[in-house]
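This report concerns charged side-chain pairs in a protein model. The sequence and structure are shown below.

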2 protein chains.
Amino acid sequence: MNHNLQEHLPECEAHEEHAELIEKGRAHLPELTELYDLSDFFKVFGDSTRLGILFAIDGTPMCVCDIAQTLGMTKSAVSHQLKVLRQNRLVKYSKVGKNVFYELSDDHVRDIIEKALEHIEEN
Amino acid sequence: MNHNLQEHLPECEAHEEHAELIEKGRAHLPELTELYDLSDFFKVFGDSTRLGILFAIDGTPMCVCDIAQTLGMTKSAVSHQLKVLRQNRLVKYSKVGKNVFYELSDDHVRDIIEKALEHIEEN
DNA sequence: ACAACAGTTGAACAACTGTTCAACTATAGG
DNA sequence: CCTATAGTTGAACAGTTGTTCAACTGTTGT
């Protein structure tokens, strides 16, 4: 994933009164690596296919084929996105014969989505 | 923003036992438009520059120039991202002379970020 | 009125992302 | 052993995204 917060020379005048503001702002900034981890995490939720998968398997473990049918997509496309969800530990899976059943890895996922829905519905 | 959950013909066999699963999965799916709104919302958080801005102005309203300096970026880049944040109502602003001060629009923003941080730190 | 600075904007470009396609592995059943 | 189906994977392609650059608006101070 791409990350390019560059070390750049400031181009506007740092008036003395604002120097303090900048110091304060910097104090609120987490480590850059943490910022990257966080944005990477949100990126995973920033795709309707992946969200659709998460909603579909919420409470009901499903195999790839069925998820694909539920969303009206190809197995391949779903599998690619499941890989992303797996890598970010948002889903876990278990094999049963030819099938691979996916389910939400924990309740945190639900929490985050709900918070976001709350915000959207307020506006 | 791009959205292409297509209506696609299923390509795998819908064995009878799974028909029920698919029905259940579909029941969990929100309206497509809601899915799109939700993923669009998360996309906004899925960029380290925008997150950096949100952290910087958390508790301390700042002008564009100072945000740019805090993050080590150009005013232009910051302004472009502030536009996105504005359009999604995550920040509000007030003009003071030549300066435009930006601040978080409400506490919801903080909540969502905190939830995500919790999840990340658990892994 | 003019110069200087804050901020915004649109076009252009490079980098990234998601879907498709084809090829592949693996398991079940005859 | 052979075939059919479930699932994964890599390459390729089109669409999207973020930064840069240059040009622009608007406000302050002289």
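What does Lys43(A) count as in terms of relative accessibility? Lys43(A) counts as partly exposed, because its relative accessibility is 24%.

## Overview

The model is predicted. Across all chains, a search of the whole structure finds eight salt bridges. Side chains of opposite charge can pair when their charged atoms come close.

## Pairs within helix α2

In chain A, Lys43(A) and Asp40(A) join through their side chains in a salt bridge, with an N to O distance of 3.4 Å. These residues lie three residues apart in helix α2 (residues 32-45) of chain A, so about one helical turn separates them. Asp40(A) counts as buried, at 15% relative accessibility.

In chain B, a salt bridge connects the side chains of Lys43(B) and Asp40(B), at 3.4 Å from N to O. Lys43(B) and Asp40(B) are also three residues apart in helix α2 (residues 32-45) of chain B, and therefore about one helical turn apart. Lys43(B) is partly exposed at 24% relative accessibility, while Asp40(B) is buried with a relative accessible area of 16%.

## A pair between chains

Asp111(A) and Lys115(B) form a salt bridge whose closest N and O atoms are 3.6 Å apart. This pair crosses between chains: Asp111(A) belongs to helix α6 (residues 107-122) of chain A, and Lys115(B) to helix α6 (residues 107-122) of chain B. Asp111(A) is partly exposed, with a relative accessible area of 31%, and Lys115(B) is partly exposed at 21% relative accessibility.

## A network in chain A

A network of salt bridges links Asp58(A), Asp107(A) and Arg110(A).

Conventions. Residues are numbered from 1 along each chain as its sequence is written. Chains are lettered from A and ligands numbered from 1 in the order in which they are written. This is a predicted model: local features need pLDDT of at least 70, side-chain atom pairs count only at pLDDT 80 or more; totals for chains, interfaces and linings use all residues. Side-chain values use heavy atoms; hydrogens and water are left out. A salt bridge is a side-chain nitrogen of Lys or Arg within 4 Å of a carboxyl oxygen of Asp or Glu. Helices (H or I, at least four residues) and strands (E, at least two) are DSSP runs, numbered from the N terminus. Buried means under 20% relative accessible area, exposed over 50%, partly exposed in between (1.4 Å probe, protein chains only).
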